[in-house]
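Please look over the sequence and the 3D structure below. Then use the briefing to find your way around.

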Amino acid sequence: MLAARIMDDTVTEHPIAGKTAIIRISLDGGISHTAIPLIATLADAGARVVVVAGLGDPAGDINPALSLRRFTPVLEEMTGKAVIFVDESVGTGAEAKLAEVPFGAIALMENLRFHSDERRRENVFAMRLSVLGDYFVDAGDPPNNKQGWQAALKRILPEPDFSAIPTISREEA
């Protein structure tokens, strides 16, 4: 699991404090407003929030025109929090860079679709993503509950206990 680095103002009474939550959002139509309260609340509760998404159809190739970097300032503005862009999405490089992201902060990972495993080997891809977090929430529009790496990751990582975070309910997620 990733090394712990906690921000000075982290609220530690929440059970999610000091944990990492992976949140899938949709970006093909821009950043959806539905996931923003969830992302901000989890960060406020002391979680390291790892935002993952796919954009376009790069067919497993790295295409700078489809990089998610451009969404960093938009996500910062929408959440009112600093967002750290991680230019990888799976593997040891992504793990090392996430270890530098403090708890209570938000990280936006590079486009998941730059990896051919994202569509061809969903279970393997889900396993590679699972090492990045403790929890997974599919907050995409619409959530893909039945197939693909999202379904596989849901079988590996639980959702956070939303009832233990007083300012959020599962309906908001």
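The points below cover the sheet, the cores and the aromatic rings.

This is a predicted model: local features need pLDDT of at least 70, side-chain atom pairs count only at pLDDT 80 or more, and totals for chains, interfaces and linings use all residues. Residues are numbered from 1 along each chain as its sequence is written, and side-chain values use heavy atoms, leaving out hydrogens and water.

**The sheet**

- Helices (H or I, at least four residues) and strands (E, at least two) are DSSP runs, numbered from the N terminus.
- Five strands form an open, parallel sheet in the order 3-4-2-1-5. Two strands pair if DSSP finds at least two bridges between them.
- Strand 3 and strand 5 are the edge strands, and each pairs on one side only.
- Strand 2 and strand 4 share 3 bridges in the parallel sense. Valine 51 has leucine 108 of strand 4 as its bridge partner.
- Helix 6 (residues 148–156) packs on the sheet and touches strand 1, strand 2 and strand 5. Contact means heavy atoms within 4.5 Å.

**The nonpolar cores**

- A nonpolar core is a set of buried Ala, Val, Leu, Ile, Met, Phe, Trp, Tyr and Cys residues joined through side-chain atoms within 4.5 Å. Buried means under 20% relative accessible area, exposed over 50%, and partly exposed in between (1.4 Å probe, protein chains only).
- The largest core has 32 residues; Ile23, Ile39, Leu42, Val49 and Leu75 touch the most other members.
- Helix 1 supplies the largest share of this core, 5 residues.
- A second, separate core has 21 residues, including Ile22 and Phe136.

**The aromatic rings**

- The structure holds 2 aromatic pairs. Rings of Phe, Tyr and Trp (its six-membered ring) pair if their centres lie within 6.5 Å; planes under 30 degrees apart count as stacked, over 60 as edge-to-face and the rest as tilted.
- Phenylalanine 125 and tryptophan 149 have ring centres 6.1 Å apart and planes at 75°, so this pair is edge-to-face.
- Phenylalanine 125 lies in helix 5 and tryptophan 149 in helix 6, so the pair ties together parts 24 residues apart in sequence.
- Phenylalanine 125 is buried, with a relative accessible area of 0%. Tryptophan 149 is buried too, at 3%.
- Phenylalanine 136 and tryptophan 149 form a tilted pair, with 6.1 Å centre to centre and 55° between the planes.
- Phe125, Phe136 and Trp149 form one aromatic cluster.

Terms used:
Axes are lines fitted to C-alpha atoms, for helices over the stretch in contact, and angles run from 0 to 180 degrees between N-to-C directions.
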